[in-house]
Amino acid sequence: MERKADESTAGSDAPPFRRLPAVHAVLGDARLAEVAARLGHETVVAAVRSAIDDARDGLRAGRIVASSSEELAARAMTILEAARPALRPAINATGILLHTGLGRSPMAEEAIAAVAALARGYCNLELDLHDGERGRRTTGVARLLRDLTGAAAATVVNNNAGATMLALRALGAAAPAADRPREVIVSRGQLVEIGGSFRLPEIFEAAGVKLREVGTTNRTRLDDYARAIGPATAAILRVHPSNFRIVGFTEQPALADLAGLARAHGLPLIDDIGSGALGPGMPPGIAGEPTAAEGIAAGADLVLFSGDKLLGGPQCGILVGTAAAIRKVEGEPLMRALRVDKMTLAALEATLALIADPARAATRIPLWRMLGADLAAIRRRAEDLAAILRGELGLDASVVDAESYLGGGSVPISPIESSAVRVGPPFPAAHPSESSWARALRLGEPAVVPRVSRGAVLFDVRTVAEDEEPRLLDAIRRSCHDQGAEHDPSEGTDPSPRAS
Ligand SMILES: *Cc1c(COP(=O)(O)O)cnc(C)c1O
């Protein structure tokens, strides 16, 4: 956009910047007026001033710069775009409730308020307010977790992958006398990969613990575990196959039987349930998922799960279990590297407090609310949205049956009935394809992430909160008025992000 001025124009007498348009003239640009409605007038005025200043500096330096109102408006748009945060809110219209790419679980207002209250100032993170001495950061959440799961002790780390690694190190790493690595026994049918980067054999490797596989992919019996126990055995690990099912001729021993076997050999049993159902008070519509309370009741020494799956809280990894096992975990040097911050603890404490009253949790925790949403109500909302897209925007919008999924590595094979608004071609504003329009929606404000499928764009209503609907509609309206898809590098590919 800038070229070196040639000799003849650089020396002209009238200062060229006098000819630059005034701020209000640039502000008249329709694109900027639209952005001002979203980001506020002041923000846009600042960007326009800065575009004009840049042009003035360029002219002073003797360069030829783009200086028409339209060019300056375009420059201001670029400045505004660069100032947008890289991480920004998105409307999830994919129907995947726990979408790792979209930050998994939205949080309850109570959790958000707790985070805001603590983020603003100081707090008693590691200060015992009774005696003014050093306290533990997990005291409050540990109490709630004990109450909710029946465990004797509890602690929290950064995520469940960290919890697994920590549990393996604390209960499965080499004993001081042993000269070879100690083993942790796992059923072959439970060597899971979750979310691409959680692969159980690699977690073992990172933890410095030897993996001892037993049984076969589809069947592992108690006796397979019993025969594998030897002098090198440090622990038994059970892992919930969160994101797949082996069906047909299958067998796994009951957790209580595994616990009995472990106890008989003086070995600890670790149960990674993955999804974070606590037990009393389950999210609506979730049946058959293992719970922490069951794991504890069956005799597991440690039960591990995520805070941002079925719990509907912040990202974290939760460990509940015997006092001895939790003491070992908390004594691991790795614990310090995986510890959670005050904001996570605040959000978790508030979420657990809601779950202590399941009826409240069902309406207050967004994930629970989405899971419990009545199909007829979802369908009505989809019909209303489709009617607006047809009537106001002239789009080919209709309501179709859809399948939502819990996602995030939980209950993968049970689709949840839902309704989606399906928009077929022609797509708005010069978007030649469904992927081109979907890309424009993702890059809009707010970002909207729909599902792209067979020549159409689908908006699954189950994962769109009712109070997000006006913003969803605004974003779709804007995508109809934008500049289209002149330079769309993703054309022809399916850009919809994968669930974990
Ligand atoms: C999801 C999951 C994990 C990983 O949990 P993160 O909190 O994502 O680290 C580990 N184990 C199981 C069984 C899971 O389902």
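Strands β14 (residues 416–424) and β17 (residues 456–460) run antiparallel and are joined by four bridges; helices (H or I, at least four residues) and strands (E, at least two) are DSSP runs, numbered from the N terminus. Within this pairing, V421 has F459 of β17 as its bridge partner. All of this comes from a predicted model, where local features need pLDDT of at least 70, side-chain atom pairs count only at pLDDT 80 or more, and totals for chains, interfaces and linings use all residues. Residues are numbered from 1 along each chain as its sequence is written, and side-chain values use heavy atoms, with hydrogens and water left out.

The two strands belong to an open sheet of four, ordered β13-β14-β17-β16 with antiparallel pairing (strands pair if DSSP finds at least two bridges between them). At the edges sit β13 (396–404) and β16 (451–453), each pairing on one side only. Neighbouring strands here are turned by 35 degrees against each other on average, direction ignored. Helix α19 (residues 434–443) packs on the sheet and touches β14, β16 and β17, its direction making about 40 degrees with that of β17. Contact means heavy atoms within 4.5 Å, while axes are lines fitted to C-alpha atoms, for helices over the stretch in contact, with angles from 0 to 180 degrees between N-to-C directions.

Turning to helix α7 (residues 139–149), its buried residues are G140, V141, A142, L144, L145, L148 and T149. Buried here means under 20% relative accessible area (1.4 Å probe, protein chains only). The cover over them includes β4 (153–157), α12 (292–298), β11 (302–306), β12 (317–321) and α15 (342–355). Just after the helix, G150 takes a positive phi of about 80 degrees.

V239, in strand β9 (residues 233–239), is also buried, with a relative accessible area of 1%. Leaving aside neighbours within four places in sequence, V239 is in contact with Q190, V192, L200 and D272.

D272 turns up again at the ligand: of the 14 residues around it (a heavy atom within 4 Å), A161, S242, D272, S306 and K309 come nearest. An N or O atom in the D272 side chain is 2.7 Å from a ligand nitrogen. For S306, a polar side-chain atom lies 2.7 Å from a ligand oxygen, and a backbone N or O atom of A161 lies 2.8 Å from an oxygen of the ligand. The protein covers 95% of the 390 Å² of accessible area that the ligand has on its own (Shrake-Rupley method, 1.4 Å probe).

Definitions and conventions
Buried < 20%, exposed > 50% of the residue type's maximum accessible area, 1.4 Å probe, protein only. Polar contact = N/O pair within 3.5 Å; in protein donor to acceptor, adjacent residues only side chain to side chain.
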